[in-house]
Amino acid sequence: MDGRFDVPTLDQTERETRKRGVVRLKEFGRRHPTVVASAAVLLFLIILTIAAPYLSSDPLDISPRNRLKAPSSEHWFGTDNLGRDIYSRTLHGGRISLTVGLGVGVLATLIGLVVGLVSGYSRPVDAVMMRIMDGWMAIPEILLAITFVAITSASIQNVILAIAIPEIPRVARLVRSIVLMIREQPYVEAAVSIGTRLPKMLLRHVLPNTVAPLLVQGTYVFASAVITEALLGFIGAGTPPEIPSWGNIMADGRKYFQLAPWIIFIPGTFLTLAVLAVNVLGDGLRDMLDPRLARQM
Amino acid sequence: MWGYIVRRLLATIPVVGVVAVFVFLLLHLAPGDPAAVVAGSYAMPKDVERIREKLGLNEPIYIQFGKWISNVVQGDLGDSIFSEMPVTTLIAQRIEPTLSLATTSILIAIVLAVPLGIVAAWKAGTWIDHMVMILAVLGFSIPVFVIGYVLMYGFSIRAQLFPVQGFVSIRQGLIPFLRTITLPSLALGLIYAALIARITRASLLEVLGEDYIRTAHAKGLQPRAVLLRHALKNAAIPIVTIIGVGIAMLIGGVVVTESVFNISGLGRLVVDSVLARDYPVIQGITLMFSGVYLLINLMVDISYTFLDPRIHY
């Protein structure tokens, strides 16, 4: 469709490559508008939270005279019951949410990948592993996470671990199903017949096939982790109050909801926006990487 | 078919075992002394000793597990550390609001989502389809507690159509019950509905591409009959599966929804217990929720044999 059957001269190929950068980006944007738009929103949120200290005041600054002030030119998003600036707290809170989302996404995907690869390649391990995964998945994610945080302490590392643990079996099952499918492919049989060793086999033939689905799954894990983190903060089991997160800002606003709904609505809006952007990005990536599936869904 | 059901039941046993081990070990996985963890940072040494005694933590871990599991099998989930009441009694006291909330949420979600999914698949590619899909993505992305507060603000505080918080039992009348349960169920059911609508649409679209659907059209059946009798029936398995899998999501959502709407059900009980580190209660409720999840998915698996006679293992 793009003249793949013409044989271009070397000169043409080179010129094409140079031109392709800009054209490609435009073309990409036209073909996958949702991917570009959601990535842009996500990037904007990330920059906003990274630059939080330069864009806003101290999120812990207490000002009793300015308690529960509605949004104004002085406090863009209003203040909470201690007179703390919600704009500043929300921007700083995003750091925790997005860090936890990213941490969980990476951690759960990597561990799940290893478990899934091993499980998909060894039948005895698989039989045991899948029963363990089934049991693991039966325990509600949130209960596992809040219990874990409650018995350890609510540091950021522990929150990441607490949310990653319940996500692992989901990733592992996905990887396992891909491995089982790949194993039956003729090219893998061919590789076996010429005596390819297992580690090389996994690395060269199986791993590359897991990248696209894992990338998609990773975005969903990210979105779910951001929600769970906020949830932990909201019920008072998340990071300690001196570290603002979208969840614990909302928790502070619970008692004052009728008087000052902005304490809940503003971080809630940011939370929703972030989750929405990640989910749309995930759907877009899925459609982009697997057009066969896209036509069905 | 009965052979399959029996085998499926037997296959559940090791999974239940894994759940029990996980729930039991959770406390012991924590670094340090479990009794100190349960007692909290401000406990006196004699309190720690009392809790260690009470939880039987002086014994070897396999004996502890053996005792615990034999009690669980006999329906004894232990006693709460703080209220000193049996965990089963605490659960019994709090189960009604949670059960009501879950049931109404499931009903609302199915009644809303299945027709929306069908319409979206039927009108695939049109603006109706796009609207439904946008709603589904939105529903999937708005956290339960955010939508809960939005509904509460709009319908309770502004429009004053519903009470702000609380729960009234159905035994005190249908109208007061519905007044308190509607908003929480909508909030909780939304994400579930989004999931079901998406799967219904996807699964129907796949079936609509099959040859026998073309045959049905060709032999002059009413389009509606083709859609509902031929397509929907064959698309039912993924839909029923997701209804089962989604229960896990619903259980998680219950915990939050109860906090937002101040409903004192099991979700609130577990949050309070976690904050107080009342471990026997956490263990009991976690075990119960996991059991419910396994049971529902077992029923879903068994229902396959009725939905699709081709399935017999």
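Modeller: Start with A:Ile146. Leaving out residues up to four places away in sequence, A:Ile146 touches A:Leu232, A:Ile235, A:Ala237 and B:Val274. Here, touching or contact means that two C-beta atoms, placed from the backbone, lie within 7 Å. One of these partners, B:Val274, is in chain B.

A word on the source. This is a predicted model, so local features need pLDDT of at least 70 and side-chain atom pairs pLDDT 80 or more, while totals for chains, interfaces and linings use all residues. Residues are numbered from 1 along each chain as written, and chains are lettered from A, ligands numbered from 1, in the order written.

Now widen the view. A:Ile146 and B:Ile196 have the most contacts inside the largest nonpolar core, which has 162 residues. Helix 8 of chain B gives the largest share of this core, 18 residues. Such a core is a set of buried Ala, Val, Leu, Ile, Met, Phe, Trp, Tyr and Cys residues joined through C-beta atoms within 7 Å. Buried means 20 or more other C-beta atoms within 10 Å; exposed means 12 or fewer; partly exposed is in between; C-beta atoms are placed from the backbone. Helices are DSSP runs of H or I, at least four residues, and strands are runs of E, at least two, numbered from the N terminus.

Next, helix 7 of chain B. Which of its residues are buried? They are B:Val144, B:Phe145, B:Val146, B:Ile147, B:Gly148, B:Tyr149 and B:Met152. Their cover draws on both chains. It includes helix 9 (198-234) and helix 11 (262-289) of chain A, with helix 8 and helix 11 of chain B. B:Met152 also marks a bend of about 30° in helix 7 of chain B. That bend is the angle between axes fitted to the seven residues ending there and the seven starting there.

Follow the chain past the end of this helix. Most residues other than glycine have a negative phi. With 9 other C-beta atoms within 10 Å, B:Gln160 is exposed.

B:Glu84 sits in the loop between helix 4 (61-73) and helix 5 (87-122) of chain B. It counts as exposed because it has 8 C-beta neighbours inside 10 Å.

Back to where the chains meet. In all, 41 residues of chain B contact 36 residues of chain A. Among the elements giving two or more residues to this side of chain B are helix 6 (127-141), helix 7 (144-158) and helix 8 (174-208). The largest share, eight residues, comes from helix 1 of chain B.

Finally, the whole chains. Chain B has 13 helices and zero strands. Of its 313 residues, 41% are buried. Its C-alpha trace spans about 80 × 55 × 35 Å along the principal axes. Among its contacts between residues at least 6 apart in sequence, 71% join residues at least 24 apart. Chain A has twelve helices and zero strands. Of its 297 residues, 46% are buried. The C-alpha trace of chain A spans about 75 × 55 × 30 Å along its principal axes.
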